[in-house]
Amino acid sequence: MRLGFEGKVALVTGAGSGIGAAVSRQLAEEGAEVVIADINAEAAEETVAVIRSNGGRARNFTVDVTDAAAVERLIDFTVQQCGGLDMAVNNAGIDGARKPTADYPLDIWHKSMNVNLNGVFYCMKYEIPAMLAGGGGAIVNMSSVLGSVGLPFSAAYTAAKHGVLGLTKVAAIEYARMGIRINAVGPGWIETTLLSEHSEASGSRRMAALQPMGRRGTPEEVASLVCFLLSEQAAFITGSCHLVDGAYSAH
Ligand SMILES: NC(=O)c1ccc[n+]([C@@H]2O[C@H](COP(=O)([O-])OP(=O)(O)OC[C@H]3O[C@@H](n4cnc5c(N)ncnc54)[C@H](O)[C@@H]3O)[C@@H](O)[C@H]2O)c1
């Protein structure tokens with residue numbers, strides 16, 4: 001399916017690895033110029049290099065999404081260097097602690113909330129005016145299957161990902177008549193660095209094997225859904241969360 005991203009500008013946070021890198025590669029393959037934003041400059045540079053070696057267009061920008069002023073500079077950079085902003089994927093995220101709620105460490109709670117929820121808010125805060133100035137756009141916020149169901153011992157991550165759904169719904173309603181569509185995506189267990197670190201620490205490798213499909217998803221399987229939601233093929237889809245979880249949450 002051609003998604004018609006030729007001449008469009010896209011921004012992806014957390015684009016240095018995993019799902020964000022796969023989304024960036026697909027956006028570039030479909031013709032978009034992509035700003036690769038990540039706290040890890042080396043990883044972002046690698047995604048840029050892969051896209052360029054495949055004939056695509058990409059630039060990198062080092063950003064910590066928990067720093068609102070830095071996020072504002074990222075959007076300014078995108079508009080100035082690429083001529084506008086048509087699509088954004090607010091994907092940067094981190095795992096949290098594996099502790100029951102009463103024992104959950106405060107510092108990890110705040111860090112998880114900062115990256116996984118505040119970071120998404122800061123991005124939308126500056127992306128939306130840039131999109132309005134260009135006549136509209138589309139945003140996908142990366143939630144999780146844990147934005148829809150709870151998992152014991154993951155209070156901060158689960159709460160933040162539920163929060164991303166709330167933010168997505170509110171903003172989608174606010175800008176529905178102004179040409180901006182805003183959706184969330186909820187991946188299940190996906191094969192990325194985040195999961196590998198998580199699995200070694202908590203045994204979730206075993207949990208992933210118990211998923212209905214008997215395997216984890218791939219970053220590319222998430223990227224296909226994200227790119228569809230960003231495209232005109234999804235013109236009447238806004239304000240909703242779309243799972244890509246191999247039936248994990250269907251139990
Ligand atoms: N892997 C899974 O199973 C899974 C499941 C559901 C949701 N998700 C979500 O998908 C998103 C991507 O995760 P992934 O699995 O690709 O992980 P990943 O660790 O491979 O990639 C995350 C990227 O975000 C970047 N990042 C982290 N903190 C940042 C910050 N403060 N500012 C800017 N960049 C930052 C990292 O450097 C990294 O490149 C996350 O929001 C995650 O919560 C992942």
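Predicted model: local features only at pLDDT ≥ 70, side-chain atom pairs only at ≥ 80, totals over all residues.
How do the residues of the lining of the second largest pocket divide into nonpolar, polar and charged?

**Stop 1: the ligand and its shell**

Select the ligand, then the residues around it. There are 28 of these, and the ones that come nearest are Ser17, Asp38, Asn91, Tyr157 and Thr192. Colour the shell by residue type: 13 of its residues are nonpolar, twelve are polar and three are charged.

**Stop 2**

Show the side chain of aspartate 64. One of its N or O atoms is 2.9 Å from a nitrogen atom of the ligand. Go on to lysine 161, where an N or O atom of the side chain lies 2.9 Å from an oxygen atom of the ligand. Then pick threonine 192: here the distance from a side-chain N or O atom to an oxygen atom of the ligand is 2.5 Å.

**Stop 3: the helices around the ligand**

Return to the cartoon view and select helix H1 (18-29), helix H5 (155-175) and helix H6 (193-202). These are the elements that give two or more residues to the shell around the ligand.

**Stop 4: the largest pocket**

Hide the ligand and look at the space it takes, which is the largest pocket. Its volume is about 1,100 Å³. The pocket is lined by 43 residues; select Ala92, Gly93, Ile94, Asp95 and Leu194 to see those closest to its centre.

H6 gives the most, with five residues. By type, the lining of the largest pocket has 19 nonpolar, 17 polar and seven charged residues.

**Stop 5: the second largest pocket**

Finally, select Lys8, Asp86, Gly137, Leu230 and Glu232. Of the 13 residues that line the second largest pocket, these lie nearest its centre. The space in this pocket is about 210 Å³. The opening question can be answered here: the lining of the second largest pocket divides into five nonpolar, four polar and four charged residues.

Terms used: Residues numbered from 1 in each chain as written. Heavy atoms only, no water. Near = heavy atom within 4 Å. Polar contact = N/O pair within 3.5 Å; in protein donor to acceptor, adjacent residues only side chain to side chain. 1 Å grid on protein atoms, 1.4 Å probe; cavity = no way out; pocket = protein on both sides within 12 Å on 5 of 7 lines; lining within 4 Å. Sits in = over half its atoms within 2 Å of the grid points. Helix = DSSP H or I, 4+ residues; strand = E, 2+ residues; numbered from the N terminus. Nonpolar A, V, L, I, M, F, W, Y, C, P; charged D, E, K, R; others polar. Points joined across faces, edges and corners; volume = space filled by probe spheres on them.
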